[in-house]
Amino acid sequence: MVGRFDGKVAFITGLARGQGRAHALRLASEGADIIGLDLCDQIETVDYPMSTPSDLDETIKLVEGHDRKIIAVRGDVRNRESLRAVLDEGLAAFGRLDFVVANAGVMPVWGSESNTMQAWQDCLDVLLTGVLNTVETVYPTLVEQGDGGSIVITGSMAAVKPQMRTFGAHSLGLLGYSAAKAALVNVAQNYASLLAYHRIRVNVVHPTGVNTPMIDNEMVRDRFATADPQDIATLVNAIPVNAVDPEDIANAVAWLCSDESRFYTGSEMRIDAGANLR
């Protein structure tokens, strides 16, 4: 069966596990080859285990299981040279680029280091500057190719509505996370305007909680066990599920990469189980 992404190539950050892995597998299942990177290391302010080299190896194995090729290395979105190196390696192997999913993220919003200025800075560095670095690295290739393309940025419902209702919810990490995710909307809209003439579309996907290791961990469980019910209410979905699956977000990303969304740009898509209604 011919896939709708046969001959296409996707660049994905944070692809070792979670949403990034789901995006890689969904696009590969429809024919795309994959270029990507993941830090695969711990950031001190993050109070849950981050991805590991073995996670990255598993993603490579799973993509290859779809009979697709993948160039995936350890790298840091905070370092533009790191992004450039893996992109160059991927272009040398595959010869082109079509889709970009700026997905790498951290969530130092609760835990022992969450109320430090370093937690705030880590959010801005990874979630905001990391996306800026990613888009700045990839868009010249898309423009030069002249075939259009799609850039998808991972946002959050934290960009849409306040996450703090009591002082018990206050942390500099949560403020940094929310501020960075909100700023991504403006960044995406500016790039969408800049690149529209070249038929390169830029959009943001806002998930509610997604069932990945970023929320399936002791940090989050401890938070839910001790938080004020008013603050927990900010995380309630209208559709009665605690979280969506990473494949639900990957479905949206696949549509945003497809020709079916060819005139959809500069927009925010909520895959939120109705969280915005609560």
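In which helix is Arg84 found? Arg84 belongs to helix α3 (residues 80-94), where helices (H or I, at least four residues) and strands (E, at least two) are DSSP runs numbered from the N terminus. The model is predicted, so local features need pLDDT of at least 70 and side-chain atom pairs count only at pLDDT 80 or more, while totals for chains, interfaces and linings use all residues. Residues are numbered from 1 along each chain as its sequence is written, and side-chain values use heavy atoms, with hydrogens and water left out.

Figure 1. Arg84 counts as partly exposed, at 33% relative accessibility; buried means under 20% relative accessible area, exposed over 50%, and partly exposed in between (1.4 Å probe, protein chains only). Leaving aside neighbours within four places in sequence, Arg84 is in contact with Leu91, Thr137 and Thr141, contact meaning heavy atoms within 4.5 Å. Arg84 and Thr137 are 53 residues apart along the chain, and their C-alpha atoms are separated by 6.2 Å.

Figure 2. Ile151 counts as buried, at 0% relative accessibility. Not counting residues up to four places away in sequence, Ile151 touches Val100, Val135, Leu142, Leu195, Ile200, Arg201, Val202 and Asn203. The C-alpha atoms of Ile151 and Val241, 90 residues apart along the chain, are separated by 29 Å.

**Figure 3. Helix α1 (residues 18-29) against helix α8 (residues 246-257).** The two axes come within 8 Å and cross at roughly 50 degrees; axes are lines fitted to C-alpha atoms, for helices over the stretch in contact, and angles run from 0 to 180 degrees between N-to-C directions. This makes α1 oblique to α8, since angles under 35 degrees count as roughly parallel, over 145 as roughly antiparallel, 65 to 115 as roughly perpendicular and the rest as oblique. The crossing of α1 and α8 is right-handed; a crossing is left-handed if the near helix is turned anticlockwise from the far one by less than a right angle, and right-handed if clockwise. Residues of α1 in the contact include Ala22 and Leu27, which meet a set in α8 that includes Ile249 and Val253. The residues of this contact divide into eight nonpolar, four polar and two charged. Ala, Val, Leu, Ile, Met, Phe, Trp, Tyr, Cys and Pro count as nonpolar, Asp, Glu, Lys and Arg as charged, and the others, Gly among them, as polar.

**Figure 4. Helix α1 against helix α2 (residues 53-65).** The axes of α1 and α2 lie 9 Å apart, and the helices pack at an angle of about 15 degrees. That makes α1 roughly parallel to α2. The crossing of α1 and α2 is right-handed. Arg21, Ala24, Leu25 and Ala28 of α1 make the contact with Asp55, Glu58, Thr59, Leu62 and Val63 of α2. These residues divide into five nonpolar, one polar and three charged.

**Figure 5. Aromatic pairs.** The whole structure holds three aromatic pairs; rings of Phe, Tyr and Trp (its six-membered ring) pair if their centres lie within 6.5 Å, and planes under 30 degrees apart count as stacked, over 60 as edge-to-face and the rest as tilted. Among them is the edge-to-face pair of Phe5 and Phe99, 5.1 Å centre to centre with 70 degrees between the planes. This pair links distant parts of the chain, with Phe5 in the segment before β1 (9-13) and Phe99 in strand β4 (residues 99-102), 94 residues apart. Both Phe5 and Phe99 are buried. The rings of Trp255 and Tyr264 have centres 5.3 Å apart and planes at 65 degrees, so this pair is edge-to-face. Trp255 is partly exposed, with a relative accessible area of 29%, and Tyr264 is partly exposed, with 25%.
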